[in-house]
Amino acid sequence: MGVEYVAQFEELKKLLKEKNNDVDLSVLEKAFKLADEKHTEQKRKSGEPFIIHPVAVATMLAEMDMDMPSIVAGMLHDVIEDTPVTTDEMREMFGEEITYLVDGVTKLKRIPTSTKEELQAENLRKMFLSMASDIRVIVIKLVDRLHNMRTLQYMNTDSQITKARETLEIYTPLAHRLGMTKIKWELEDLCFKYLEPESYNNLVAQITQRRDQQEAYIKKVLDSIKARLDEAGIKAFLDGRPKHFYSIHKKMISQNKALSQIYDLLAIRVIVDTVKECYTVFGIIHDMYTPMPGRIKDYIAMPKPNMYQSLHTTLIGPDGQPFEAQIRTWEMHKTAEIGIAAHWKYKEKGGSKNSGEKTAEYDGKLEWVRNLLDNQKEIEDPNEFAQTFKMDLFTDEVFVFTPKGDVKCLPKGSTPIDFAYAIHSAVGNKMIGARVNGEIKPLNHKLRTGDFVEIITSKSNNHGPSRDWLSVVKSSEAKSKIRQWFKKECRDENIERGRECIERELKKQGYKYEQLIKNEWIDPILKKYKFSSYEDLLNVIGFGEISAQKIINILKEEYIKSISGSKEEEILAKIEGNKNKKEKQKHMSDHGIIVKGIDNCLIRLSRCCNPVPGDSIVGYVTKGRGVSVHRTDCPNIVAMSESEDRVIDVRWAGESKNTYIVDISIQAVDNSILLLQIAKLIAEMKLPMKAINARTTRDNYELIDLTIEITDRSELDRLVKKINGLENVLDVSRTVK
Ligand code: MN
């Protein structure tokens with residue numbers, strides 16, 4: 001039996017020699033010897049010696065043109081995990097690079113991957129990428145998995161299903177993202193076979209039944225295309241293939257169709273030397289057959305995010321049976337089949353290699369990753385892709401394990417407290433300590449990806465979080481849950497404090513308790529804020545979530561309404577006593593603003609946020625300069641409202657002929673004609689422009705500050721919408737000084 005794997009290793013060496021006659025195989029031989037010796041006691045489930053597995057993995061990597069360190073690491077990938085050899089010993093024998101790769105694969109193996117939830121699967125995929133900071137580690141891991149899936153028949157049914165599910169959740173999406181289509185398809189078909197054996201066998205039988213007929217059909221199409229290409233003098237490789245089973249199966253399910261209704265069951269592939277020839281072939285095929293509308297895709301001009309390139313088109317064949325044609329160059333073909341691995345070409349030709357060449361090659365690899373990052377913009381769910389592809393660029397998240405092996409994704413800098421609240425608020429509220437990787441750690445310990453975290457909770461029912469935690473935790477989830485606890489647990493205190501706030505506010509505004517606190521007015525407020533009792537309302541007032549002033553103001557309005565059925569302005573006049581209407585209107589027309597409760601005072605629109613009619617506004621009683629009016633979202637007023645007694649209600653008077661000054665800030669991609677476009681737009685809307693000022697930032701964005709006169713909010717909104725619609729504009733906002 002031993003002879004067989006030795007023969008396989010000889011095959012591998014022959015393959016590498018064929019690719020490059022001068023290749024140095026000494027390191028690989030050393031690796032084979034070590035693996036053979038160390039794995040010697042181990043058997044695979046099939047009863048074969050274990051060493052056939054690493055030999056197969058190394059061979060598959062060689063077939064993909066991976067570089068020598070990857071192939072050697074493939075040979076050694078199970079040595080650290082399964083034999084007494086240590087990382088240090090390996091480093092001694094094989095050096096840093098190979099050991100780094102083997103170590104990376106070993107680490108991935110320790111990630112527990114059985115999971116039930118889709119969210120978990122996504123976290124696990126991210127974790128894989130974040131832990132394998134070298135893409136070659138992922139490639140080796142995928143090839144390892146592929147070989148294990150190929151030999152899955154020796155496992156029992158339970159393990160088959162577990163492995164297949166894990167493969168479909170974690171490994172095939174990774175293969176897809178890395179553009180490793182060939183591996184992805186084979187893995188998917190294998191998973192399909194073990195997860196849905198009936199559907200699989202059924203489909204295979206149906207396809208086999210039609211195979212002869214279809215092969216004849218494909219041959220006929222290929223022959224006629226070949227003849228036309230020969231005529232045109234184009235050297236091309238033609239090939240026909242049935243689609244892989246899993247993709248047909250998915251299509252039948254998602255489109256609810258029978259096999260006979262799937263259009264692109266048959267696909268032909270034309271591989272040529274140049275991009276120009278791709279388009280020529282495309283033209284020729286369209287001249288021969290009628291294309292199906294809406295099915296032409298130019299992935300050459302617009303590569304897929306995983307860098308896949310080809311021209312796709314579906315045509316009506318000779319008997320009216322549709323087929324799909326894929327046209328690509330050899331280079332595109334390689335990328336289509338092995339994706340990212342195509343960029344680790346093993347090409348140490350001629351033995352010596354100057355450093356310039358090596359640098360160029362390295363740049364090529366970086367380029368690839370950069371392209372992936374750039375292209376993510378075009379995919380439907382950019383977030384997911386961006387997050388997933390960060391590799392060691394992961395800067396904003398850590399992934400840690402629960403004792404059960406679930407993965408929690410937390411913001412970087414998170415502590416065991418964040419983790420506890422991510423599990424459940426009950427766990428967080430009761431936590432008294434944490435073990436990280438088995439060791440007790442302080443509660444402000446920063447967690448790292450891969451940590452196993454166990455929370456120690458108090459047995460006592462009286463235990464709760466500490467207020468200090470609010471400054472320690474990183475996640476907003478933990479923060480809000482801690483706040484929530486204080487809101488709930490200190491309810492009695494809060495209610496008491498809330499009652500005091502209300503009483504103080506009543507006194508300040510000069511009302512008696514029984515004047516304003518009436519059930520008929522309170523009830524609508526409770527309903528609006530979804531409180532079940534007046535005490536609930538007092539609780540949040542006491543907790544500081546809603547101000548007493550706000551509630552009193554609402555009640556005051558009700559009170560005013562109740563003492564008179566007439567219009568508000570008249571009421572205002574009435575309660576203020578001595579005002580006449582004429583004066584008030586004259587007063588309003590200066591600014592178009594009514595100040596409730598106060599009259600005949602100096603009003604000015606604040607220059608920091610420049611409110612316009614339609615904005616939600618609030619007044620602030622300044623010292624000696626009357627009332628200044630701010631937008632409610634103005635950061636300045638938010639800061640000032642600490643002194644709540646100075647903040648008063650104001651509102652727009654309705655129609656007004658006034659104009660208002662507004663500052664707008666526009667952020668855009670550097671674009672020479674943008675300023676012109678904006679100016680034109682404003683002219684079209686007949687708006688008086690007061691100032692415009694543009695500058696380019698250091699990172700090449702364009703910032704445009706615009707000051708403009710408008711009559712109300714809706715006009716402003718229209719303008720903002722139009723500017724937003726201009727190409728290259730990233731953001732339009734109102735400026736607050
Ligand atoms: Mn393995």
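Partly exposed means a relative accessible area between the buried limit of under 20% and the exposed limit of over 50%. E477, at 36%, is therefore partly exposed. The model is predicted.

**Salt bridges**

The count comes to 30 salt bridges. E477 pairs with K481 in one of them. Both residues lie in helix α20 (residues 476-489), four residues apart, about one turn of the helix. K481 is partly exposed as well, with a relative accessible area of 21%.

R713 and D615 form another salt bridge. This pair links distant parts of the chain, 98 residues apart. R713 sits in helix α30 (residues 713-725), while D615 is in the loop between β13 (603-605) and β14 (617-621). R713 is partly exposed at 29%. D615 is buried at 4%.

D633 and R631 also meet through their side chains. Here D633 is exposed, at 52%, and R631 is buried, at 8%. Elsewhere, salt bridges that share partners join R491, R499, E535 and D536 into one network.

| Salt bridge | Closest N to O distance |
|---|---|
| E477 and K481 | 3.0 Å |
| R713 and D615 | 2.1 Å |

**Manganese site**

H53 (NE2), H77 (NE2), D78 (OD) and D144 (OD) coordinate the manganese ion at 2.2 to 2.5 Å. Along the chain, the donors follow the spacing H-x23-H-D-x65-D. D78 and D144 link distant parts of the chain, 66 residues apart. D78 is in the loop between α4 (68-76) and α5 (79-82), and D144 is in helix α8 (residues 135-150). D78 has a relative accessible area of 7%, so D78 is buried. D144 is buried too, at 4%.

How values were computed: Residues numbered from 1 in each chain as written. Predicted model: local features only at pLDDT ≥ 70, side-chain atom pairs only at ≥ 80, totals over all residues. Heavy atoms only, no water. Donors = N, O, S within 2.8 Å, 3.2 Å for Na, K, Ca; no water. Helix = DSSP H or I, 4+ residues; strand = E, 2+ residues; numbered from the N terminus. Buried < 20%, exposed > 50% of the residue type's maximum accessible area, 1.4 Å probe, protein only. Salt bridge = Lys/Arg side-chain N within 4 Å of Asp/Glu carboxyl O.
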